[in-house]
Amino acid sequence: MRIDKAQIPGVQFMFTVTCFIQSSSLLTAFLSEITKQDSWLAVLYRTLMVMFPDYNLIQILEEVYSPVVGKTIGISYAWFFITLTALNLSDMGSFSKLTLMKRTPDVVLIVTCMLVMAWAVKYGIRLITQYSALFVFVAFSILIASVLLVLNQINLQNFLPMFDLPAIKYVQGTHIISTIPFGELVTLLMITPNVKLTRRDTTKYLFGGFTLGWITVLVVISRDIAVLGNTLPIFTLPTLVTLRLVNLGEALSRVEILFAIMLIMLLFFKITFLYYVSVITVAQIMKTKSYRHLILTAGALITAYSFTLYPSPLHHAASAKEITPILWTFFEILMPLLTFVIAKLRKLPRGKEV
Amino acid sequence: MIPRRFRLLAVFLLSLLLMIFLSGCWDEHELHTLFIVTGVALDESDDPEKMDITVQIAKSQSKSSRSGDTEPQENYIILLKNKSGTMMEGLMEFNRDSSRTLMLNHNQVLLFGSSLAKQGIKDHIDLFMRDQDSRMEVLMIVVDGRGEEALAAKLSQDRISGMFISRVIRTMSSVSSYYQVRMLDFVSRLLEETTSPVVPIVTVTKKGKMEEIKITGMAVFKGDKMIDRLSNDETLGYIWAMGDVKHCNVVTSTEVGKAVFQIIKLDCKRDVKIRQDGGIGVKLSVNTTLSVGEISGFSETTSEELMPYLVKIAQEEIKRKIMNSFETARRLNADIYGFGTSVYRKYPKEWKSMKDSWDEIFSDIELNVQVKAHIPVTGQITQPLGIKEE
């Protein structure tokens, strides 16, 4: 049984992956030490996708661990996805507050965005991913423009000495990606059945999207280091500061609005996708025929959740340090890995080879 | 299935909602509710716990008062002053007692009175980095005497002294980017720990009814405290040693004549080495293209000898200036060049043990300056009048 029967082409799948990574890259200033771990994760997710091309994550879990245990784990995953959505949503609120509208209460932006997202989710995965190519294109354009605009301020000396750059550093307040930068890609496993691709194409598009995303991250970080140098670690949003420094003549300055546009656009995409995945997960667990009834309920839940998740930034920081690393690792690495191993041992999926 | 009418209505309501809420009415900035700040000056106060804050605000002008420049300067700017412990308190007080909101987005310069600069400025610049409205590209300037005088100065060239200073500095930055010290540059050097930040220093002098603001060199900081200053001459040596000079003059004078050269391009390559005895040797290779700006004298010199001779005196002069400012830096024990950072970049491992004793190592640096000048252009005439043709 499939809830959303729409099929998405491989290219859209690729751009979805790119969009996902790009939206994370905007809020971080971390360095490439984690590259290995990330590509390893992508390999793991790809393997699961290829192993069970007709199943989404919940179905895989039920298949591998028997329906009852699978469902229990599935419920925890539903909680995880909803939490991710809420976290991203509250991030969008706080960052748009920081960059664009500082006196506007974030509830306004969050609720209005949530309404549009609910609308998008209603039309299903096809519509959501259709926008990914456009968003990636706009993000790349802004990125290239921003590099050109700060070209006169780049100091290549800032890269020296090699490999002695500030260690991985996360933007204060973003906890989502704090343990495993691209672990959120685990959500892709929920749309496997919508991506009908051959084994080779799955690899091609997943890694294509991954590479594009990584190029973005590298360009963003190199640009910020080249411009800001040793001051990079003191800023909460280095990219914003970099763009603020743009000053070409008297006319071309104050282009940080570009950053805000890119941020809201990409986060919008990511949250819509996460929202969709949350709704689908719940629908899958409850085995309903249509997920549409759930959209508004889930949306209201997520909105309220995003406001009450952390009573204060202090709690936020504490949990980002102590709790999330363990929990997130469980959902993003351990569980997929365990599932893969058990599926291999039980020789699943039975008989059906693609 | 929901009837079509309802759906249309829902869409309409949703768009209305978006229109109202996404336009962000909370953050409206109307010009008539704002005071646009064009300069901020911080000075030492008689109360040691506090500082004097002066804010210069550009008034929006009415058209009718444009008749001439005879208008008193008070018509163009407003100066607000108060005394408070921190910048934030000061701003709050300004906002409380004024009819409009202060807007720091367009702040051009951040001035420090020299006595405050000598006490250290680290604690005073936090707000300018933290606040969302302010920008890291604001220029930092030290004022000889009190900063508020520079903001209150009546100038013949520009009505708003904050704008004037920032324009002067931005013009200077076309000579070399090291003239322009943005907040970012200052903070960056401060974070390097061993590098001494330098900041342009201006002096306000009376000239009849008006005042004049002149750049009189660079203030040298050790950490965040100003310790001394470089004169304009020494500043040139510093700028040249940093390289990347786009245009500038080299003035030379010998017994036989005077010559002024224009720098077309000046690059300075820096090479640091750890000496046998553990000290640091720095080699500066200056490579410059000059053009002859003005020559007088040299009547005894033949035309074949003239060019090589000019190259030689230009090279000597550049070297002399660079060595001269280096001696000053060494005397102050202030690493204004960032040699420490160069060592760190080249020898990151050895640097760890050197960092703490950098002051001693710096005063023991062996500086070797090599200047290579080319003079491809002589201007529109080849020789000065009265030179012998052989």
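View 1. Take the contacts in chain B between residues at least 6 apart in sequence: 70% of them join residues at least 24 apart. (Being in contact means that the C-beta atoms, placed from the backbone, lie within 7 Å.) What you're looking at is a predicted model, where local features need pLDDT of at least 70 and side-chain atom pairs count only at pLDDT 80 or more, while totals for chains, interfaces and linings use all residues. Residues are numbered from 1 along each chain as its sequence is written, and chains are lettered from A and ligands numbered from 1 in the order in which they are written. Chain B has 12 helices and 13 strands (DSSP runs numbered from the N terminus: H or I of at least four residues for helices, E of at least two for strands).

**View 2. Helices H8 and H9 of chain B.** H8(B), residues 232-242, packs against H9(B), residues 303-332, at about 105°, and their axes are 8 Å apart. (Axes are lines fitted to C-alpha atoms over the stretch in contact, and angles run from 0 to 180 degrees between N-to-C directions.) So the pair counts as roughly perpendicular, a label for angles of 65 to 115 degrees. Look for Trp240(B) and Tyr238(B) among the H8(B) residues that meet H9(B), whose side of the contact includes Ile318(B) and Lys321(B).

View 3. Strands S11(B), residues 257-274, and S12(B), residues 280-297, run antiparallel, joined by 17 bridges (strands pair if DSSP finds at least two bridges between them). Lys273(B) has Gly281(B) in S12(B) as its bridge partner. There are 5 residues between the strands, and Gly278(B) takes a positive phi near 95° in this hairpin.

Technical notes. Parallel < 35°, antiparallel > 145°, perpendicular 65-115°, else oblique. Contact = placed C-beta atoms within 7 Å.
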